[in-house]
Amino acid sequence: MKSNSLTILDRLNEILESIELIDEWSRFATNASDFMIPPNGVMAFNACVMRLQVIGKNVGKLLRDECKPLEGYDNIPWQAILTREISYLMNIPTLMKILFS
């Protein structure tokens, strides 16, 4: 029987995939009001919010993991991401730089 639990690598890959998708889906926007233009702006907004939830869920699971895989990355605001402070996440280029520098 296959386990439904995700590995640390699976969770990190989901976070990375979510960041890449948010970047792709929000590339058209020059300001926040662009996300309110129906139908594509609203769909992009909804999709990005769902992916922010995926990121928050996975960060929470990783923070609670007994292996502590996020320790040592103090330059990344894990608690802010966990509590879904979107201001950190909506600046995708900055987030990518932090995660991959």
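Contact here means heavy atoms within 4.5 Å. The points below concern a predicted model, in which local features need pLDDT of at least 70, side-chain atom pairs count only at pLDDT 80 or more, and totals for chains, interfaces and linings use all residues. Residues are numbered from 1 along each chain as its sequence is written, and side-chain values use heavy atoms, with hydrogens and water left out.

1. Contacts of Arg 51. Leaving aside residues up to four places away in sequence, Arg 51 touches Glu 14, Glu 17, Ser 18, Leu 21, Ile 22 and Trp 25. Arg 51 is found in helix H2; helices (H or I, at least four residues) are DSSP runs, numbered from the N terminus. With 19% relative accessibility, Arg 51 counts as buried, a term that means under 20% relative accessible area, whereas exposed means over 50% and partly exposed lies in between (1.4 Å probe, protein chains only).

2. A salt bridge is a side-chain nitrogen of Lys or Arg within 4 Å of a carboxyl oxygen of Asp or Glu, and a search of the whole structure finds two. One of them joins Arg 51 to Glu 17, with the closest N and O atoms 3.4 Å apart. This pair links distant parts of the chain, as Arg 51 lies in helix H2 and Glu 17 in helix H1, 34 residues apart. Glu 17 is partly exposed, at a relative accessible area of 38%.

3. Salt bridge of Asp 23. Asp 23 pairs with Arg 27 in a salt bridge whose closest N and O atoms are 2.8 Å apart. Asp 23 is partly exposed at 26% relative accessibility, while Arg 27 is exposed at 59% relative accessible area.

4. Nonpolar core. Such a core is a set of buried Ala, Val, Leu, Ile, Met, Phe, Trp, Tyr and Cys residues joined through side-chain atoms within 4.5 Å. The largest one has 12 residues, among them Ile 15, Ile 22, Cys 48, Leu 52 and Trp 78. Helices H1 (8-26), H2 (40-64) and H3 (78-82) each supply at least two residues of this core, and H2 gives the most, with five. In soluble globular proteins, nonpolar side chains tend to be buried together.

5. Helix H2. This helix has 25 residues and reaches 36 Å from its first C-alpha to its last, close to the 36 Å expected at 1.5 Å a residue; the expected span is 1.5 Å times one less than the number of residues. Its buried residues include Gly 41, Ala 44, Gly 56, Asn 58 and Gly 60. Cys 48, also buried in H2, touches Ile 22, Trp 25 and Ser 26, not counting residues up to four places away in sequence.
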